[in-house]
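Subject: Structure handover

Hello,

Here is the structure for your files. My notes on it follow below.

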Amino acid sequence: KAPPAPPAEQHSASANETAVQHKSDGNDALKAKRYDDAIAAYTRAIEADGNDAAFWSNRSAAHYSAGHFEEAAADAKHCTQLRPTWAKGWGRLGQALTNLRRMQEAENAFVTGLKYEETNSACITGLNELSQVKRSGMAVMQAFAGDYWATLRADARTAAFCDDDKFKATIDGVAAAPDTATLTAAMQSDERVAQ
């Protein structure tokens, strides 16, 4: 004969302990930059308790770190639905949307986060970066109107990079589509572009 099932409250506490342990495992994996392991651990935490916004937020961070921006945005959005006044979730959503080049949606997410926590650093930084990209976008379009390689070689800040194949490919990519979204992606893939 099977033993009797534990009382519901005991089962719930056990499920929560299991979820918390999976979250802890995910945190350890994320710190060690083992993103697939972190995603798997956070997924197990969500399976044990899908109503904890922190689990969704953490899995969003793991997806983001792994470069899975669509998944990061989906998890962050679910986080904001579970806990709409938590700025951290809105910051994660804004970061993922920025990397998806969905700038207006990203800005809306950052602004919403700041509505709930005026000092949230992820939202503040995100808005500042978006503002910089918008300003830079106009300059980029003008900069790529002529012989941009001559301009870059003549500039002491960028001259040393002009023979680097990765830099050249990134700059040529921006020149092919000189807009804010392309510039944002280029700046995120190669910090030298910001110079």
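Helices (H or I, at least four residues) and strands (E, at least two) are DSSP runs, numbered from the N terminus. On that basis the elements of the protein chain run α-α-α-α-α-α-α-α-α-α from the N terminus on, which comes to ten helices and zero strands.

This is a predicted model, in which local features need pLDDT of at least 70 and side-chain atom pairs count only at pLDDT 80 or more, while totals for chains, interfaces and linings use all residues. Residues are numbered from 1 along each chain as its sequence is written, and side-chain values use heavy atoms, with hydrogens and water left out.

Overall

Of the 195 residues of the protein chain, 37% count as buried. Buried means under 20% relative accessible area, exposed over 50%, and partly exposed in between (1.4 Å probe, protein chains only). A contact means heavy atoms within 4.5 Å. Among the contacts in the protein chain with a separation of 6 or more, 49% are between residues 24 or more positions apart.

Helix 2

Helix 2 covers residues 35–48, and its 14 residues reach 20 Å from the first C-alpha to the last, close to the 20 Å expected at 1.5 Å a residue. The expected span of a helix is 1.5 Å times one less than its number of residues. Buried in helix 2 are Ala38, Ile39, Ala41, Tyr42, Ala45 and Ile46. These residues are on the same side of helix 2, because they cover an arc of only 165° around the axis. The arc is that of the directions from the helix axis to the C-beta atoms. On the face turned away from the buried side, helix 2 carries the exposed residues Asp36 and Glu47.

Helix 4 and its partners

The 14 residues of helix 4 should span 20 Å at 1.5 Å a residue, and the end C-alpha atoms are 20 Å apart, which agrees. Its buried residues are Ala72, Ala73, Asp75, Ala76, Cys79 and Thr80. Seen down the axis of helix 4, they fall within an arc of 170°, so they line one face of the helix. That buried set packs against helix 3 (53–65) and helix 5 (87–99).

Two packed helices are described by the angle between their axes and the distance between the axes. Axes are lines fitted to C-alpha atoms, for helices over the stretch in contact, and angles run from 0 to 180 degrees between N-to-C directions. For helix 3 and helix 4 the angle is about 165° and the axes are 8 Å apart. The two are therefore roughly antiparallel to each other; angles over 145 degrees count as roughly antiparallel, under 35 as roughly parallel, 65 to 115 as roughly perpendicular and the rest as oblique. Helix 3 passes helix 4 in a left-handed crossing. A crossing is left-handed if the near helix is turned anticlockwise from the far one by less than a right angle, and right-handed if clockwise. Where they meet, helix 3 supplies Ala53, Trp56, Ser57, Arg59, Ser60, His63 and Tyr64, and helix 4 supplies Phe69, Glu71, Ala72, Asp75, Ala76, His78, Cys79 and Leu82.

Asp75 counts as buried at 5% relative accessibility. Not counting residues up to four places away in sequence, Asp75 touches Trp56, Arg59, Ser60 and His63.

Helix 5 and helix 6

Helix 5 packs with helix 6 (residues 103–116) at an angle of about 165°, with axes 8 Å apart. That makes helix 5 roughly antiparallel to helix 6. The crossing of helix 5 past helix 6 is left-handed. Residues making this contact include Trp90, Gly91 and Leu93 of helix 5 and Ala109, Phe110 and Tyr116 of helix 6.

Single residues

Ile124 lies in helix 7 and is partly exposed, with a relative accessible area of 32%. Ile124 and Gly91 are 33 residues apart in sequence and 8.7 Å apart in space, C-alpha to C-alpha. Leaving aside neighbours within four places in sequence, Ile124 is in contact with Leu114, Glu118 and Thr119.

Leu127 is also in helix 7 (residues 121–143) and is partly exposed at a relative accessible area of 22%. With residues up to four places away not counted, Leu127 touches Glu107, Phe110, Val111 and Leu114.

Asp190 lies in the segment after helix 10 (180–189). Asp190 is buried, with a relative accessible area of 5%. Beyond its neighbours within four places in sequence, Asp190 is in contact with Lys166, Phe167 and Thr170.

Regards
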